[in-house]
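Here is a brief report on one protein model. Please look at the sequence and the structure first.

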Amino acid sequence: MSRRIWKLSLIGAPGTGKSSIISRIVYDTDAAGTTARGLLTKKIKVKKGGHNLDFEFIFQEIDGLEGDAKQIAGSSGIVLIFDVTQPMDGAEVNRFAKFLGGLEKKPMIFLAANKIDRKYEAVTWQEDLEPIASSLDAPLYMISSRQSDTVSEMITDIAIRLLERKNEKR
Ligand SMILES: Nc1nc2c(ncn2[C@@H]2O[C@H](COP(=O)(O)OP(=O)(O)OP(=O)(O)O)[C@@H](O)[C@H]2O)c(=O)[nH]1
Ligand SMILES: [Mg+2]
């Protein structure tokens with residue numbers, strides 16, 4: 001059986017929760033502070049069409065939406081992380097989308113709105129992010145690194161979508 005290894009880059013402003021989300025996926029805890037710097041990997045199993053599929057993700061954390069082609073190079077997918085308790089900068093997101101469009105090898109793009117456990121303090125809503133998601137043709141996930149199921153549903157869906165895209169290209 002073939003091994004599937006994908007590099008997944010989490011990109012977002014400082015404090016949006018990138019390390020916490022990676023910790024949740026890798027260790028099933030959100031204690032970002034205990035996370036060693038460097039590349040973390042996680043093997044996950046997905047059931048699809050009666051088959052058990054094995055995947056391995058390599059995670060990379062990238063601060064800010066400045067768009068560094070070198071850092072993004074080699075990523076199968078990128079997840080733009082937003083913090084629902086912080087305002088989002090639409091112009092910045094558009095600049096980043098333009099940058100992505102200019103890349104030679106375009107990674108699959110995903111959007112994640114994090115910290116939904118603090119939805120009563122939210123200033124960025126699902127309705128604010130949906131137009132961006134559809135303009136980027138990217139799925140949008142509402143997650144909290146404190147809520148294990150929201151993160152595991154996201155990573156499973158990302159794995160399936162990456163797999164489907166890979167099969168499409170053959
Ligand atoms: N309430 C709540 N807090 C969160 C959540 N995710 C992250 N945090 C908190 O937000 C703060 C920043 O989280 P980090 O995971 O360090 O964010 P980061 O994007 O890796 O930050 P930098 O590496 O500094 O860019 C920490 O205090 C986390 O505990 C969440 O889903 N809910
Ligand atoms: Mg971090």
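## The model

This is a predicted model: local features need pLDDT of at least 70, side-chain atom pairs count only at pLDDT 80 or more, and totals for chains, interfaces and linings use all residues. Residues are numbered from 1 along each chain as its sequence is written, while chains are lettered from A and ligands numbered from 1 in the order in which they are written.

## Around ligand 1

The shell around ligand 1 holds 17 residues. A residue is near a molecule if its C-beta atom, placed from the backbone, lies within 6 Å of it. P14, G17, K18, S19 and S20 come nearest. Helix α1 (residues 18-27) gives the most to this shell, with three residues. Helices (H or I, at least four residues) and strands (E, at least two) are DSSP runs, numbered from the N terminus.

The shell divides into two nonpolar, nine polar and six charged residues. Ala, Val, Leu, Ile, Met, Phe, Trp, Tyr, Cys and Pro count as nonpolar; Asp, Glu, Lys and Arg count as charged; the others, Gly among them, are polar.

## Strand pairing

Strands pair if DSSP finds at least two bridges between them. β1 (residues 4-12) pairs with β3 (residues 51-63) in the parallel sense, over nine bridges. I5 stands opposite E56 in β3.

β1 also pairs with β4 (residues 77-83) in the parallel sense, over four bridges. Here L10 has V79 as its bridge partner.

## Positive phi

Most residues other than glycine have a negative phi. D28 has a positive phi of about 55°. D28 lies in the loop between α1 and β2 (40-48). D28 is exposed (12 or fewer other C-beta atoms within 10 Å, placed from the backbone), with 11 such atoms.

D137 also has a positive phi of about 55°. D137 sits in the loop between α4 (126-135) and β6 (140-142). D137 is exposed, with 8 other C-beta atoms within 10 Å.

Notes: A residue is buried if 20 or more other C-beta atoms lie within 10 Å of its own, exposed if 12 or fewer, and partly exposed in between; C-beta atoms are placed from the backbone.
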